[in-house]
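Dear colleague,

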Amino acid sequence: MDFIEANNLSGLVIGLATFLIIGLFHPLVIKGEYYFGVKIWVVFAVLGVFSCLLSVMMSNFILSVIMGVIAFSSFWSIGEVFSQRKRVEKGWFPKREKKG
């Protein structure tokens, strides 16, 4: 962390982390809705609250910001899960067939 701060790379590290986190949450929403339906929103809510708490507790600026990005990406994903259900109903994504 000292190298990052000494070379003024904090913005780039945070930007890269944000890019990767958003890129990770996109397939999590799609797969989560596919396998668990919209009830997966609870997991995103718990992850968001937990990440908010961690962000406030972190003393390191970069890690605090990254936890904040995870928190609000989780909160955003709650709405996206319900939007994903609508996209599945429109036929834009495959619907999981229930076995049994």
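**Surface charge, aromatic pairs and a nonpolar patch**

On the surface, Lys-39, Lys-95, Arg-96, Lys-98 and Lys-99 gather in a patch of positive charge. Patches consist of residues with over 30% relative accessible area and no salt bridge, where like charges are joined within 9 Å and nonpolar side chains (Val, Leu, Ile, Met, Phe, Trp, Tyr) within 5 Å. A salt bridge is a side-chain nitrogen of Lys or Arg within 4 Å of a carboxyl oxygen of Asp or Glu. Lys-98 lies in the segment after helix H4 (61-89), and Lys-98 is exposed at 79% relative accessible area. Here exposed means over 50%, buried under 20% and partly exposed in between (1.4 Å probe, protein chains only).

Please note that this is a predicted model, in which local features need pLDDT of at least 70 and side-chain atom pairs count only at pLDDT 80 or more, while totals for chains, interfaces and linings use all residues. Residues are numbered from 1 along each chain as its sequence is written, and side-chain values use heavy atoms, with hydrogens and water left out.

A search of the whole structure finds three aromatic pairs. One of them joins Phe-25 and Phe-44, a tilted pair at 6.1 Å centre to centre with 40° between the planes. This pair links distant parts of the chain, since Phe-25 sits in helix H2 (residues 10-36) and Phe-44 in helix H3 (residues 41-57), 19 residues apart. Phe-25 is buried at 7% relative accessibility, and Phe-44 is buried at 5%. Another pair, Phe-72 with Phe-75, has ring centres 5.5 Å apart and planes at 80°, so it is edge-to-face. For such pairs, centres lie within 6.5 Å, and planes under 30 degrees apart count as stacked, over 60 as edge-to-face and the rest as tilted. Phe-72 and Phe-75 are three residues apart in helix H4, about one helical turn. Helices are DSSP runs (H or I, at least four residues), numbered from the N terminus.

Phe-72 and Phe-75 also belong to a nonpolar surface patch of about 660 Å², together with Val-49, Leu-53, Val-56 and Met-57. The elements giving two or more residues to this patch are H3 and H4, and H3 supplies the largest share, four residues. Phe-72 is exposed at 56% relative accessible area, whereas Phe-75 is partly exposed at 30%. Val-56, in helix H3, is exposed at 72%.

With kind regards

Note on methods. Areas by Shrake-Rupley, 256 points an atom, 1.4 Å probe, with all protein chains shown as cover. Lys, Arg positive; Asp, Glu negative; His and termini not counted. Charge placed at Lys NZ, Arg CZ, Asp CG, Glu CD. Phe/Tyr/Trp six-rings, centres within 6.5 Å; stacked < 30°, edge-to-face > 60°.
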